Amino acid sequence: QVQLVESGGGLAQAGGSLRLSCAASTRTLSSYSMGWFRQAPGKEREIVAAISWDGIARYYADSVMGRFTISRDNAENTVILQMNSLKPEDTAVFYCAAAPSGSTRSLPHFPESYDYWGQGTQVSVSS
């Protein structure tokens, strides 16, 4: 069982930045691909970014490419989502998730591929 706890959400102005952190309870975070998802009211949960177990492979949704950066520190059991140039349309609840990766640099895009989820953190961007 892996417990994930997100932090760092809040209110930002358009053009501003926020840094989300995901702390994992497991000492074997390197066994998992990690993803950040978001869900806005009335919309489906969507992938924002994903990172392979070793941090080498990364995926970004088109809507955040060039603005968001995903990173991880397996020794510290943390995953970071740095969000710059925020837009009002980034307003959503952001979730951290873990997917078993084996030895592959997989980057799952779909929520059903992830086994563990955090409780979510609200990000609100004002215009």
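Ser52 is found in the loop between β5 and β6 (58-60); strands here are DSSP runs (E, at least two residues), numbered from the N terminus. The model is predicted: local features need pLDDT of at least 70, side-chain atom pairs count only at pLDDT 80 or more, and totals for chains, interfaces and linings use all residues. Residues are numbered from 1 along each chain as its sequence is written, and side-chain values use heavy atoms, with hydrogens and water left out.

Ser52 has a relative accessibility of 0% and therefore counts as buried, a label for values under 20% relative accessible area, whereas exposed means over 50% and partly exposed lies in between (1.4 Å probe, protein chains only). The side chain of Ser52 makes a polar contact of 2.8 Å with the side chain of Asp54. A polar atom of the Ser52 side chain also lies 3.3 Å from the backbone nitrogen of Ile56. A polar contact is a pair of N or O atoms within 3.5 Å; within protein, one must be able to donate a hydrogen and the other to accept it, and residues adjacent in sequence count only if both atoms are side-chain atoms. Leaving aside residues up to four places away in sequence, Ser52 touches Ser33, Ala57, Arg72, Arg105, Ser106 and Leu107, where contact means heavy atoms within 4.5 Å.

Another loop, between β4 (32-39) and β5 (46-51), holds Lys43. With 59% relative accessibility, Lys43 counts as exposed. From Lys43 to Cys96 the separation is 53 residues in sequence and 17 Å in space, C-alpha to C-alpha.

Cys22 lies in strand β3 (residues 18-24) and Cys96 in strand β9 (residues 92-100), so the link ties together parts that are 74 residues apart in sequence. The link is left-handed, with -75 degrees about the S-S bond. Cys22 counts as buried at 1% relative accessibility, and Cys96 counts as buried at 0%.

Strand β3 also belongs to an open sheet of four strands, in the order β1-β3-β8-β7 with antiparallel pairing; two strands pair if DSSP finds at least two bridges between them. β1 (4-7) and β7 (68-73) stand at the edges with a single partner strand each, so one side of each has no neighbour in the sheet. Between β7 and strand β8 (residues 78-83), which run antiparallel, there are six bridges. Phe68 stands opposite Met83 in β8.

Key:
Disulfide = S-S within 2.5 Å.
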